[in-house]
Amino acid sequence: MPNLLKRILLVSFFLSIILLFAVFLGLLAGSTKIDPADVIRILFNRGDSTPDSIIWHIRFPRVILAALVGATLSLGGLVFQAILRNPLAEPYILGISGGSAIGAIIGILMGFARFPGVFFCAFAGSMTTLVFVLFMGSGGAYLKKDSLLLSGVILNAFCSAIITFLISMSHDHKIHNILFWLMGDLSLADMRQAGILLLLVFPCFIMIFRFSNSMNLLVMGKELARTMGVNTTLITLSLLVTTSLMVSATVSYCGLLGFVGLVMPHLLRMILGPDHRVLVPACIIGGGSYMIICDLLARTIPEQGEIPTGVITAMIGAPLFIFLLKRSRK
Amino acid sequence: MKVAVDIKNLTQDYDSVVVLNDLSFSVMKGEFFILIGPNGSGKTTLMKTMAGILKLRKGTLEIMGRPIGSFKQKELARHLAFVPQQLPEDIPFSVMEVLLMGRFPHLGLLGLEGKDDMDIVENAMKFTNTSHLSMRRLSQLSGGELQRVYIARALCQEPDIILLDEPTAFLDLAHQIQIMDLLENLKKEKGVTVIMVSHDVNLAAMYGDRLILMKDGGAVKQGMPEEVLTFSALEKTYGCVLLVDKSSLGKFPRVTPVPKKFINMIDRQKSGMS
């Protein structure tokens, strides 16, 4: 067996253990106390008592949803960082998430179902912002790094304005829900949602892994990658569309969770090195674990009720962004 | 002898700016072919066109007897490797990882390298004397080492043709000769066709089997070094005074640009005599 395959499997195995541990913690924590032993019993032998129903109907879907969202956003960050050759690129920072949020809100206000109506609106929104980001960020190679981030910041501000506008103009009684959703909310999870999201994002994961070696070559620059046999136009386009699609799917279910795409790719790159064939599966499993933990904090920090998960991810991610920005200027 | 690259009536124009103008030449298999000419004569555009980075506008370009457009990207990369002028060094990969990337056009669907690929990488490192650098990051290399690593990466593609855009620029004398000797070995031992751009006409004279002298996107002259590097052709192309004599090393020409103070001195001597 080639060394690399061994390494991919080994890394995936270790991260899966962490993921299982995170899942277990996620099932354990909550307002109703359930003993660890009971959690294990309920998982293997489902009964009809209240704890059984809490585990299976409330906590389990939520943990699965968190894992899928974390995996998607981490992977999204990894893809953008490779294609744009910018360590600070991430769906939220570039405004891609904001764009799909506008689409999703329009979908919600028009009374569409989360799937497929809201999802397609979100996808349209994210593709529109993606075109804008690429258009504004193109130009001289020297300016590119900063102008890309700047255009992302501007797009984000613009998206926030549109979102606030849409919310102010509507007299929907669900406004509180929309606001909560907007800040990144996993509390409405049910098994059906988690299932649909899995069906949407899993093919995207496979597709991105398939192109992971091409991503390595793209880091060397477009021209060189081309001469080494990468069909750069086709692969860049496929990766961008795939990433927008899966990010839109998470946004339409869970709203905006910022900076997730920054934390895991950087942490894993520091530990595992820059090879995307290792990083893609690592970001999927590691990103899932990270989001479960963030959601766990969101549920358990307040004495009563909970805070939006997006608040936690931003509180961890934004300082890291500043640190990375400072370091990249050196 | 078989033709490696065949170019006929190649014209590349961008927004009415003509960069290459009705250029025709061919490079034989196993030849050391060097492009020379002043800045802005279209050398880099020509290299990028041959490398398949820039699209062909007008004319024909055949690689190993086939139109370049008929190759798939991966297929072209198995015949032709490119070493650009600006070598990326701010990337997080190690030398070993960069060399393994050279195997990309030969990998299967999963994109995982096997033992054969490792052997080819090790041979390429031995050939370019970069084995001791394998675990280093690219940003930790000197200019000469970086150039050798990128040539090794090109070798990993196992190409018939290797294109290099000014591989000796920014290098000191010893490293220039080291790179040029390496390329000559490549040609002699592996039978690879070497096509390079050089700013140094003397290096071109010493190593090139054949040269092409370019100006304003066209060929001023092509042929053996002693045919191309003539006083009249060079002065016409570069627009400065040059001294061309025979090198003391062999039967190839040596070119010396003449500084203005010597021209003034000669003028003074002439007027003093009259």
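Helix 4 and helix 11 of chain A are oblique to each other in this predicted model. Their axes, taken from residues 96–109 for helix 4 of chain A and residues 232–254 for helix 11 of chain A, come within 9 Å and cross at roughly 55°. The crossing of these two helices of chain A is right-handed. On the side of helix 4 of chain A, the residues taking part are Ile96(A), Ser97(A), Ser100(A), Ala101(A) and Ala104(A), and they meet Ser244(A), Val247(A), Ser248(A), Val251(A) and Ser252(A) of helix 11 of chain A. Sorted by class, this contact of helix 4 with helix 11 of chain A holds five nonpolar and five polar residues, with no charged ones.

Helix 2 of chain A, residues 36–44, packs with helix 3 of chain A, residues 50–83, at an angle of about 70°, and the two axes are 10 Å apart. An angle between 65 and 115 degrees counts as roughly perpendicular, so helix 2 of chain A is roughly perpendicular to helix 3 of chain A. Helix 2 of chain A brings Asp38(A), Val39(A) and Ile42(A) to the contact, while helix 3 of chain A brings Pro51(A), Asp52(A) and Ile55(A). In this contact of helix 2 with helix 3 of chain A, four residues are nonpolar, none is polar and two are charged. Leu43(A) also has its place in helix 2 of chain A. Leu43(A) has 15 other C-beta atoms within 10 Å and is therefore partly exposed. Between Leu43(A) and Val153(A), which are 110 residues apart along the chain, the C-alpha atoms are separated by 44 Å.

Turning to chain B, helix 5 (residues 143–156) and helix 6 of chain B have axes that come within 10 Å and cross at roughly 10°. Angles under 35 degrees count as roughly parallel, and helix 5 and helix 6 of chain B are therefore roughly parallel to each other. Gly143(B), Gly144(B), Gln147(B), Arg148(B) and Ile151(B) of helix 5 of chain B meet His175(B), Gln178(B), Ile179(B) and Leu182(B) of helix 6 of chain B. The contact of helix 5 with helix 6 of chain B divides into three nonpolar residues, five polar residues and one charged residue.

Most residues other than glycine have a negative phi. Phe170(B) belongs to the loop between strand 7 (161–165) and helix 6 (173–190) of chain B. With 14 other C-beta atoms within 10 Å, Phe170(B) is partly exposed.

Leu296(A) is found in helix 13 of chain A, residues 276–300, and counts as buried, with 22 C-beta neighbours inside 10 Å. Although Leu296(A) and Leu27(A) are 269 residues apart in sequence, their C-alpha atoms are 9.2 Å apart in space. Leaving aside neighbours within four places in sequence, Leu296(A) is in contact with Leu25(A), Gly26(A) and Ala29(A). Leu198(A) lies in helix 8 of chain A, residues 191–210, and is partly exposed, with 14 other C-beta atoms within 10 Å. The C-alpha atoms of Leu198(A) and Leu78(A) are separated by 19 Å, and these residues are 120 places apart along the chain.

Finally, the two chains touch each other: 20 residues of chain A are in contact with 23 residues of chain B. On the chain A side, the elements giving two or more residues are helix 1 (3–28), helix 9 (212–219) and helix 10 (222–227) of chain A. By class, the side of chain A that touches chain B has 10 nonpolar, six polar and four charged residues. For the complex, the predictor gives an ipTM of 0.88 and a pTM of 0.88. Chain B averages a pLDDT of 91, and 99% of the residues score at least 70.

Technical notes. Residues numbered from 1 in each chain as written. Chains lettered and ligands numbered in written order. Predicted model: local features only at pLDDT ≥ 70, side-chain atom pairs only at ≥ 80, totals over all residues. Axes fitted to C-alpha atoms, helices over the stretch in contact; angles between N-to-C directions. Helix = DSSP H or I, 4+ residues; strand = E, 2+ residues; numbered from the N terminus. Parallel < 35°, antiparallel > 145°, perpendicular 65-115°, else oblique. Left-handed = near helix turned anticlockwise from the far one by under 90°. Contact = placed C-beta atoms within 7 Å. Nonpolar A, V, L, I, M, F, W, Y, C, P; charged D, E, K, R; others polar. pLDDT = per-residue confidence, 0-100. Buried ≥ 20, exposed ≤ 12 C-beta atoms within 10 Å, placed from the backbone.
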